[in-house]
Amino acid sequence: MVFLIVSPFLAAVLAAWFAGRYPHRAGWLAFWPAVLTVLFGIELQRTAASGGRLLEFPWAPSLGLSFSFNLDGLGLLFAILIAGVGTLIVLYASRYLGGHSQAGRFYASLFAFMGAMLGVVLSDNILTLFVFWELTGFTSFLLIGFEHERPAARAAALQALIVTGGGGLALLAAGVLLTDVSGTASLSAMAAERAFIVASPFYGAIAGLVLLAAFTKSAQVPFHFWLPNAMEAPTPVSAYLHSATMVKAGVYLIARMTPILGATPMWTTAVTVAGAATMVIGAYRAVQEIDLKRILAYSTLSALGVLTMLLGIGTSHTIVAALVYLVAHAGYKGALFLVAGAIDHETGTRDITLLTGLRRAMPITAVAGGAAAISMAGVPLTLGFVGKDATYEALLHANGWSPWLLILIVLASILLGLAGLLAGVLPFRGNVALVKDVHEPPWPLWLPPLVLAAGGLLVGLAPAILNGPLSAAATATAGVPVDVSLSVWHGVTPTLLLSVLTLAGVGITVAMRGPLRMRSWNPRAGSEDVYRGALAGLDAVSRVIGPTLHSASLRTYVMVIVTTVVVLGGTALLLDPSFGFAVPLTNITVHDVLIVFLIIAGAISAVVARSTMSAVLSLGTVGYGVAMIFLSFGAPDLAMTQFSVETLTVLIYVLVFRHFRELGPLSPRLVRVRDALIATGVGTFIGGLVLSIATTETAPRLREYFAEFGPTLGRGRNIVNVILVDFRAFDTLGEITVLATAAIGVRGLVRFAASDRRNGSRVSPITSPIFRTGARLLMPLLLLFSVFLLLRGHNQPGGGFVGGLVAAAAFALYAIAFGVSRARRALWVRPLTLLGVGLLLALASGLVAVLRGRPFLTASWFPGPVALGTPALFDVGVFLVVVGVVLMMIFSLAEDS
Amino acid sequence: MEGLLALASGVLYAAGIYLILRRRLAQLIIGLGLLSNGTNLLIFAAGGLTRARPPVVPDGANALMDRYADPVPQALVLTAIVIGFGLLAFSLVLAHRVHATAGSDDIDDVGRER
Amino acid sequence: MRLLVLPILVPLTTAAVLILAPKRPNPQRWISLIGSVLLLTSAVLVFLRVNAAGVQVLQISAWPAPFGITLVADLFAAFLVVAVGLVGTAVAGVTFSGLDPRREAFGYHPLVQILLMGVAGAFLTGDLFNLYVWFEVMLVASFVLLALNRTRAQMDAAFKYVAINLIASSIFLTALGLLYGATGTLNMAHLARVWPTMSTSGFDTVLAVLFLIAFSIKAGLFPLFFWLPASYHTPPAAIGAVFAGLLTKVGVYALVRVFTLLFHNAPPPLFTLLLVMSAATMVIGLVAALYERDFRRVLSFNLVGHIGYTTASLSLLTPAALAGAIFYVLHHIVVITNLFLVSSVLLRLRRTTDRAGLGGIYRDHPVFSVLAMVPLFSLAGVPPLSGFLGKLAILKGTFDAGAYWVGGLVLVVGLLTLLSMGRTWADTFWRPADTADLAAPGMPSLIVIAALSLVTLAMTIGAEPLFELVSRGAQQLLHRDEYVNAVLGGLR
């Protein structure tokens, strides 16, 4: 059975293929829903006799999701409607669409919708119900937008998606809340927890959210505006979704939730009022329209209002009345929509001012239309009459609501009857056919409406057929057993008088329909305007935010970041009571003061510099000062590296900055002052942090270990180097990767611009012979020195980095003296190759360990007195990478012309 | 001494940030360089200062004695210096390319279509 | 677990091979693809091991933690590394449809591999400074990928990206230096153990704030996220896919790791701050998305907004909320990567992703359109796709933690996403076009998009096992002992 319920989804896939291949034979697809209808009918009979049953198929229990279905009267009643009307629609659509090229897509969406709708009405798990609910909205979106080349269709589809989607999300929230409050996600089990739920503080929110979902789906005021616009869909879609099934989903939800959430003042009032308002507004607007489908759309709206109102009142009488009305409405409204579609198909218009006298040309269709119309008007012996009868009867007995509602519904019924006649009788009446060349549509177009209309008549004659199914449905809704007994004649009762009154009213309005329309009153603004306004508001806001976000200047971004740091960091600092400074530990020497002074002076000079050269030199000064600090405080490796890197940086800056102009200030003074203040704030913040941290003793956890095991297990005396190539070699590996990538980037940038050649200045070598001789002498010395540094690095200050930098400096010197091309030749291999080899060497040194079954980068040592092992290899790799990187950069930049 | 270094790093950060906020490409790059130096100084200082006793085990000994400079921040700073150098060199060249493509060294102008 | 280093070494080796290999497109693309598939395989192996045997650890260089560098994989990290492999394979596959030859000649492929290496390294490392190093690897690769461009707009975007990220790195490094000064260790598990027992004279909150800011910049949270939409729409869409799919998630991962391991005892206002930042990100990101008329820009803003979902859940720090966060991250990676790849196809078809140049795609390419529907509407949260499941998980998490307004905001933003995606669909695929196709979509791209859509669908079908795994991952994150003990072995 579970398979049957989800079978339409599979059918959708099949239909996509089948209808795509054989669009003219698509009517055969109606076979499956027909089967489903029968099966559901059988199940309903069984249920009527022995109560509903539950089926379960797990999906994601941890999230509360499961495919559980409750086959009870209410669900099955709807299911039969869905499958039954669906059968007729598929048949109808096959001819209505003709051999449409997109038929596959159409049927796929239609069947998917059918499956989703069945899921909604049969689902027992509220979260899965939401899944199906949203799917109906989504497939409806696809179907309304079927003729997506038309902007109106797209707009309407989007509108429906958003409005019902929003409601759907409300349902999701309600579902999660309900699951939390009641402890179960099963709707049938929730009913038992009703008292608990109603008493919970979340009741209001839950009920409100559920009603929001129901009202948006069933187009209750104030969410009604999307329904008439949805008429942009092809008529079969309008008939199926927007009159018989999808819009009824909200009504279904209200019915399903009544035993769980209903019968409280809040619920009753909200639902009844909304329903009544919709009923009236819908009926009123229905008779104003001249497009057949819009007339029917508004009348559907009104009918939905009736159903909602009745369910809102919530007595067993009104519930039964609602169910009867539901069935009747499905019959006559579906028929009328299909008739309208047939008329449109044959005449090409839906304008009732142009449509008269069609009965000669389309007799069978006329019969269908007429039968449906009289059912809608509530003529005795039709199911529509039974429905109206039950409604009046129920309202008469509803204390507290009558007579107001009664008056309203009579008025609405009168107008609805008129609407039905306008749609179903008027186009056929009269002798003059304004539209020429009309024929009877093919049988798939008149048979479905005929079946529906005839059904309304036949069942109207013997309504007792429905007793069983409706009892089952009503029981499920009301939560208490309800017995339904319908009959055609109750005797002369006030109800009958009301019905007669209604019919009389219909007759009068038919006669007066001309003057009636001229007195129409359309409100200036409706809720659709609220919707439009909300969207426009959103767009306006986003138009303000958008440009700010994506084309603001970089400086704004930086400003925000820096300000955030200062504000948040400062706040955190100030709010923390334990923040403080310890006593400075280290003494100050004059030497240090001078160096710090140098650094500060350099920084300030960089700030106020007017030429790039002075700025670069100031930066260099700062760098050298920092290097000297390193030297003073026991970091010789660091100092050497810093010196070399700083020199290199200055060199590269000089190579690049020769293209830049002067550095005078561009921003107005006020801006500069502001920036200076912020910068000072940052500086103060950082300074405070440094002072505090520097004066607290750092736990010796790591350094003690390294100090102890560096010389022994690490086989090196220069602990820093041992850390770099052994303990934390992985960091170094990443570091040389960064270097390599940066170098590739620099080279790429320079060469990428090769075709955008601008007049640059090629760096010309310094040709002075003294310089050249000096360079020739220095270079091999430097190279030797670099190797020396490399080799001794493990035990004395030195190492791969510094060595590599010195070696690169040697070649750079050569390049300055003799030009880049000669330097390249002297190097003999390409820098890229050096880089690659270095990386591979580093990698390989790590893999040696893997071959020995140890973790990557574990040091392996050759036996013997001299400590030679993979860390040395690694260092060589680093050396080569550094040389390659630096030279790649320098050569590319120097050649850039 | 910690105070002096705190002052120095604070000044470097401030100067760096100020330059980054300027409108000229070149100043931004220099600012990044100052910031980088400031950060390195910060890491070095935060780890604790020990005067002139590098973490190098002298010949004959088998472990470091008494007070010695913490090798860990040194290793970290060294890595940071090298990485910083790579990134800064790249940004520099990128700035140059931007300058060449845009024809202006005003950051506010760079993205604007002519 | 020895294999733990593979997800880092494989892309490095691939990159090295690519640098040495001939520069013609075909060998480059095939080597990339094979390398990426190997990466994915090693990631899956790691994941299976973690799933079976708990948190996995590898001490690089065989030095015990916390003295050497440790690689750690818990479920969360393992999931993310698999995602890296997936995205890498997808992006490598797409290049078969064609790539700008100049870009390809200048090292596109090895650069992507290095980027993947950096991301994998970031996810797997157990050492904070090592995290910084991998961040930089990842960043420099992304810098170069972004910078190899011609147009002014692209240059501008690249430059902004570079500058902002360098500043973020500085903030990270600052915080790191201060942290070492305060604690004397860099190993995350070690820090988790010693941090609560230390009185660090007022630093807890400040450091937490600095890390928060540094990682929020990378993740793209308000008010630090402005750079993201300004740059993500400019590179060729395959690169955009990697950026959007992975780079921001590294920021999110770092936030998760740091706040569950170290700063879980930080004062509540900090978490409220994160929550507020996330909420603002969600709303602003989506509202701004509505303004955009360019497909990729719409995606960038949606990307930004949805990051907020994850970080908001993170800030609640409950098992249910974290489970939702992890689920959402995984869903988001797959869907956003897929959408950027869709945009790459659109680029190929029409040479632009601006609204004016698009339209009529459905009519001309129905199969492609149906495939594109999956990620598009999954992002919007249409059930039963992964977006819905993720949203449900987050909703449960937020309601469970009592943060109802956050849950409500999640739904409202979900509606805005639905609006954004619905409009995009209507404008791009349904609306009739004024222009015609300039090229074919490229079968390899379509295959990759189909594969990723299948992954999204698989998340729906396998929702239960996935959620169960994710919940376990969340438990691992919140109960630090398993992580800490695996690394430190109960010593010290």
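**Ground rules.** I'm working from a predicted model, with local features needing pLDDT of at least 70, side-chain atom pairs counted only at pLDDT 80 or more, and totals for chains, interfaces and linings using all residues. Residues are numbered from 1 along each chain as its sequence is written, chains are lettered from A in the order in which they are written, and side-chain values use heavy atoms, with hydrogens and water left out.

**Chain B confidence.** I looked up pLDDT (the predictor's confidence in each residue, from 0 to 100). Chain B has a mean of 84, with 91% of its residues at 70 or more.

**B against A.** I find 88 residues of chain B in contact with 102 residues of chain A, contact being heavy atoms within 4.5 Å. About 8,400 Å² is buried between chain B and chain A, 74% of it from carbon and sulfur atoms; buried area is the accessible area (1.4 Å probe) lost on putting two parts together, summed over both. B:L21, B:R51 and B:F85 supply 9% of what chain B buries there, more than any other three residues.

I then checked salt bridges (a side-chain nitrogen of Lys or Arg within 4 Å of a carboxyl oxygen of Asp or Glu). The rule gives 1 across this interface, and B:R22 and A:D675 meet in a salt bridge at 3.0 Å, N to O.
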